[in-house]
Amino acid sequence: VPVWRHAIVNFPNPLLKQGLVVLDTPGLNALGVEPELTLNTLPSAQAILFLLAADAGVTKTDLDVWSNHVSAIKGNPHLVILNKIDILWDELHDDAAVAKTIARQVDETARTLHIDRKAIFPVSAQKGLIAKIKGDTALAAKSGLSALEDKLTHDLIPARQILIRNRIVH
């Protein structure tokens, strides 16, 4: 990756302190211009977090990238992040109705991508950030970020450590 298209950002986070490294590649809209930035890094990733918008679901472009590039890579976890679930929060409906709408979106995404619904994490990154800034535990819980962070902490960090240990032994 040419240096002018590369930046390292340090952010204080317990997951990063444990060794998690995040490579944020260009999204689907940039694939036509610079596909190598995203597609060439996928095979070497220890996990792939595929980000979708909860309000849009799986678009045709999303499905093309998933089918032709992401799902073809074996041996590492594939997690799907349904971001922007706060768009589905409807004040005219109670929490149960909203939860049912989000669950329906998760089920539809799992069916479309042919993955286990346990690999799909509905989140609101925006509300999660606001909750962390304001110290709002209720909003933090509602944002869904804690479930994703738990998955990363309990599954991906130890798997990364085992992978590194195996490479050293080998």
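**Exercise 1.** How many bridges join strand 1 to strand 2, and do the two run parallel or antiparallel?

*Solution.* In this predicted model, strand 1 (residues 48-53) and strand 2 are joined by 6 bridges and run parallel. Within this pairing, Leu 51 has Ile 81 of strand 2 as its bridge partner.

**Exercise 2.** Determine which residue of strand 3 is the bridge partner of Ile 81, and follow the chain from strand 2 to strand 3.

*Solution.* Strand 3 (residues 120-122) pairs with strand 2 in the parallel sense, over 3 bridges. The partner of Ile 81 there is Phe 121.

**Exercise 3.** Explain why strand 2 is described as largely enclosed by the rest of the structure.

*Solution.* First, side chains of a regular strand alternate between the two faces of the sheet. In strand 2, His 78, Val 80 and Leu 82 point one way, whereas Leu 79, Ile 81 and Asn 83 point the other way, and all are buried. Because 6 of the 6 residues of strand 2 (residues 78-83) are buried, the strand is largely enclosed.

**Exercise 4.** Classify Leu 63 as buried, partly exposed or exposed, and list its contacts beyond four places in sequence.

*Solution.* Leu 63 belongs to helix 3 (residues 60-70). Its relative accessible area is 29%, so Leu 63 is partly exposed. Apart from neighbours within four places in sequence, Leu 63 contacts Val 58, Thr 112 and Leu 113. The C-alpha atoms of Leu 63 and Leu 113 are 7.2 Å apart, although 50 residues separate them along the chain.

Note on methods: Residues are numbered from 1 along each chain as its sequence is written. This is a predicted model: local features need pLDDT of at least 70, side-chain atom pairs count only at pLDDT 80 or more; totals for chains, interfaces and linings use all residues. Side-chain values use heavy atoms; hydrogens and water are left out. Helices (H or I, at least four residues) and strands (E, at least two) are DSSP runs, numbered from the N terminus. Buried means under 20% relative accessible area, exposed over 50%, partly exposed in between (1.4 Å probe, protein chains only). Contact means heavy atoms within 4.5 Å. Two strands pair if DSSP finds at least two bridges between them. A crossover is right-handed if, with the strands pointing away from the viewer, the path from the first strand over the helix to the second runs clockwise.
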